[in-house]
Amino acid sequence: MKKILFLSLLLLTAQLYAQKNTAETSGNPLFKGWYADPEGIIFGKEYWIYPTFSAPYNKQVFFDAFSSPDLIHWTKHSTILDTARVKWANRAMWAPSIIEKGGKYYLFFGANDIQSDKEKGGIGVAVANHPAGPFTDYLGKPLVDKFHNGAQPIDQFVYKDGNNYYLIYGGWRHCNIAKLKDDFTGFVPFEDGSTFKEITPENYVEGPFMFKKNGKYYFMWSEGGWTGPNYSVAYAIADSPFGPFKRVGKILQQDPKVATGAGHHSVIHHQKDDAWYIVYHRRPLGETDGNARVTCMDQLFFDENGLIKPVVITNEGVGKRLLGK
């Protein structure tokens, strides 16, 4: 009898363990620590996230990165870049964006939070041979160090469209797009002679992101104030990366029962399973410090017309999903 009870208990334990593993989720936040402005991307068989270290500007002097094989288990890669390796930068390193080209990894970042063309700083580029770095300054100076069309040179996103690479960026309620040279050392003027084209949609504040789906360009951005509960994400759709972008609506915002200040995001697409994820930061309930931000992930869904459904922010996060073998 005791043996039967023991075997039954063992079987029940195994079943509960199997159920737990089947229902295993990432949880939100994805990893410990104050991190914001996350860019999510896939390199090979791993998911990567590159966030801002969320702290007072004078302490925002480095970047960490995080990698995962399955969206559940995340490994921290500390100090992949810091101001010691970027001689012109001394504070406020923000919103990294990364892209691979020719076997090298190029990390675009904002630094110094410049308020005018007279100040030193802007958008820089660092390079490494591995997604975890170590990264070193690529140009020895900012790539963008001036205000063009009223856009503060921050919140950069590098977008590959066919064989072309574009820098989409801007704070202070203005957004520009510029075509990068093949070696990322500067820009190629457009046919009309301009270098920075403004593509600012209605209600744009900062944090641009773009992806392509079924031949359409989805342009996304953050609205509201980053320190407040009304921070959120909206989007538009166009036939070109240059727009015109007419605002469709808001798709990511706070849930007073879960978290506040949900914004400044990126999107990951698992192509094999056609699964879409939104990576974003938010503020835990009860936190009032503007820098108390954590990185989270939830699924992104589309309706039959290709419009983005409002995101349901969760504490559970997302389920396990491996990349192709």
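A pocket here is an open set of points on a 1 Å grid over the protein atoms alone, with protein on both sides within 12 Å along at least five of seven lines, and lining residues have an atom within 4 Å of a point. Grid points are joined across faces, edges and corners, and a volume is the space filled by probe spheres set on the points. The structure is a predicted model, in which local features need pLDDT of at least 70 and side-chain atom pairs count only at pLDDT 80 or more, while totals for chains, interfaces and linings use all residues. Residues are numbered from 1 along each chain as its sequence is written, and side-chain values use heavy atoms, with hydrogens and water left out.

The lining of the second largest pocket consists of 17 residues, and Tyr-57, Trp-94, Ile-154, Glu-206 and Trp-226 lie nearest its centre. By class, this lining holds six nonpolar, six polar and five charged residues. In this division Ala, Val, Leu, Ile, Met, Phe, Trp, Tyr, Cys and Pro count as nonpolar, Asp, Glu, Lys and Arg as charged, and the others, Gly among them, as polar.

The largest pocket has a volume of about 770 Å³. It is lined by 24 residues, and Ile-41, Ile-42, Val-267, His-269 and Gln-271 are the closest to its centre. At least two lining residues come from each of strand E1 (35-43), strand E5 (94-101), strand E9 (157-161), strand E14 (206-213) and strand E18 (259-270). Strands (E, at least two residues) and helices (H or I, at least four) are DSSP runs, numbered from the N terminus. E1 gives the largest share of the lining, five residues. The lining of the largest pocket comprises 15 nonpolar, five polar and four charged residues.

One cavity of 30 Å³ or more is present in the structure; a cavity is a set of grid points where a 1.4 Å probe fits but cannot get out. The volume of the largest cavity is about 90 Å³. Its lining is made up of 14 residues, with Glu-39, Gln-156, Pro-208, His-264 and His-265 nearest the centre. E1, E5, E14 and E18 are the elements that contribute two or more residues to the lining of this cavity. Six of the lining residues are nonpolar, five are polar and three are charged.

Aromatic rings were then examined. Rings of Phe, Tyr and Trp (its six-membered ring) pair if their centres lie within 6.5 Å, and planes under 30 degrees apart count as stacked, over 60 as edge-to-face and the rest as tilted. The count by this rule is 32 aromatic pairs. Phe-31 and Trp-74 form an edge-to-face pair, because their ring centres are 6.1 Å apart and their planes are at 70°. Phe-31 lies in the loop between helix H1 (2-22) and E1, and Trp-74 in the loop between strand E3 (62-68) and strand E4 (75-82), so this pair ties together parts that are 43 residues apart in sequence. Phe-31 is buried at 9% relative accessibility, and Trp-74 is buried at 15%. Buried means under 20% relative accessible area, exposed over 50% and partly exposed in between (1.4 Å probe, protein chains only).

The pair of Phe-211 and Trp-276 is tilted, because the ring centres are 5.0 Å apart and the planes are at 45°. This pair links distant parts of the chain, with Phe-211 in strand E14 and Trp-276 in strand E19 (residues 275-284), 65 residues apart. Phe-211 is buried, with a relative accessible area of 6%, and Trp-276 is buried at 6% relative accessibility.

Ring pairs also join Phe-31, Tyr-35, Phe-53, Phe-62, Phe-66 and Trp-74 into a cluster. Within strand E3 lies Phe-66, which is buried at 2% relative accessibility. The C-alpha atom of Phe-66 is separated by 26 Å from that of Pro-310, 244 residues apart along the chain.

Charges over rings were also found. A charge sits over a ring if NZ of Lys or CZ of Arg is within 6 Å of the ring centre and within 35 degrees of the ring normal. The charged end of Lys-213 sits over the ring of Phe-302, 4.5 Å from its centre. Lys-101 lies over the face of Phe-184, 6.0 Å from the ring centre.

Zero disulfides (pairs of cysteine sulfur atoms within 2.5 Å) are found in a search of the whole structure. Cys-175 is buried at 0% relative accessibility, and Cys-296 is buried with a relative accessible area of 0%.
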